[in-house]
Amino acid sequence: MKFTVVFSQVLILFIILIIGFISRKFKILNVETNKSLTEFLVNVTIPFTIISSFNQKYPHSAMLNAGKIFLLSFLIHGISIIIGKIVTKNFKPTTKNVLWFVIIFSNCGFMGFPIMESIYGKIGIFYSSIYIIPFNLFLWTIGQIIFSETKDKKMMKKAILNPGIIAVFLGLIIFIIPYDMPFVATNVFELMGSLTSPLSMIIIGSMLASINVKDIFSDISVYYGSVIRLFLMPFIFLILFKIIGISGIVLGVCIISTAMPAAANTVIFSEKFGGDSLLASKIVFLSTAISIITIPIYLIIL
């Protein structure tokens, strides 16, 4: 049953991507629309998603596991930065930036929540929320630096003060303080946050429609990024965590999150910061398609 549910969740997102693809082909969407939707996604719906994920109440027994997941997520993203730097060094800069980003960041946010809920229930969403704290911290700092190719203090300040990071800290405050958000506010945050996943996939599908689909399968870097993202990264951390004694739901959340396809943010950040958004779209497309099979396989292994 779990295999079927996970397969269905991934397939649903892929179908939404196809809807975006078709909409662009029929000129319902265009380049200008994509840019506007990307800005709306990055600055509005993603922060709503982050804050909404923290507006939960869980038993104290879950906090120990949450702490482990938080630290392991930091470890995963930190090591992934090093691995990405090494395995992409021989590519040209524009290709290298996309591949490096893909290797560091999985789609643990957009796809992670529905899939974790299907596997572990509500507690899965909570643990995913904890996992994506380091993800967002790295995303809005290292992620921007990768594409901007600058490391000055102004860039770091701009990265830290962006809507994504601010939403993380607001979410932490809401989670820690003994205060329940009003019913109306809770529903507004949940509804706005729910726009993130379909919007991101529609944008990706729309961008894909501007290229020849055959090009997806003729570019070796697309295969390279997809294989590392879906096979090498989760395998490395599965072995590492087994060696250091990580098990149970903590291991499951970390490995399934790592086994997600390339982050939708790969395309969004490429588009926003002038990177190779077409290459990013190809990798997200192919890795998402392949993940329909690989994510359930990792679930079976776990």
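Tutor: Start with a definition: buried means under 20% relative accessible area, exposed means over 50%, and partly exposed lies in between, with a 1.4 Å probe and protein chains only. This is a predicted model, where local features need pLDDT of at least 70, side-chain atom pairs count only at pLDDT 80 or more, and totals for chains, interfaces and linings use all residues. Residues are numbered from 1 along each chain as its sequence is written, and side-chain values use heavy atoms, leaving out hydrogens and water.

Student: Why does C254 count as buried?

Tutor: C254 has 0% relative accessibility. The limit is under 20%. So C254 counts as buried.

Student: What makes C108 count as buried?

Tutor: Its relative accessibility is 1%, so C108 is buried as well.

Student: Why are α3 and α12 called oblique to each other?

Tutor: Helices here are DSSP runs (H or I, at least four residues), numbered from the N terminus. α3 covers residues 62-87 and α12 residues 220-243; they pack at about 135 degrees, with axes 11 Å apart. Axes are lines fitted to C-alpha atoms over the stretch in contact, and angles run from 0 to 180 degrees between N-to-C directions. Under 35 degrees is roughly parallel, over 145 roughly antiparallel, 65 to 115 roughly perpendicular, and the rest oblique. Therefore α3 and α12 are oblique.

Student: Which residues of α3 and α12 meet?

Tutor: Contact means heavy atoms within 4.5 Å. Among those that meet are L72 and I76 in α3, and I228 and F237 in α12.

Student: What makes α5 oblique to α6?

Tutor: α5 (residues 112-120) and α6 (residues 122-148) pack at about 140 degrees, with axes 7 Å apart. So α5 is oblique to α6. Their contact includes F113 and M116 of α5, and I125 and I132 of α6.

Student: How do you know whether N136 counts as buried or exposed?

Tutor: N136 lies in helix α6. Its relative accessibility is 5%, so N136 counts as buried. Not counting residues up to four places away in sequence, N136 touches I50, I165 and V168.

Note on methods:
Helix = DSSP H or I, 4+ residues; strand = E, 2+ residues; numbered from the N terminus.
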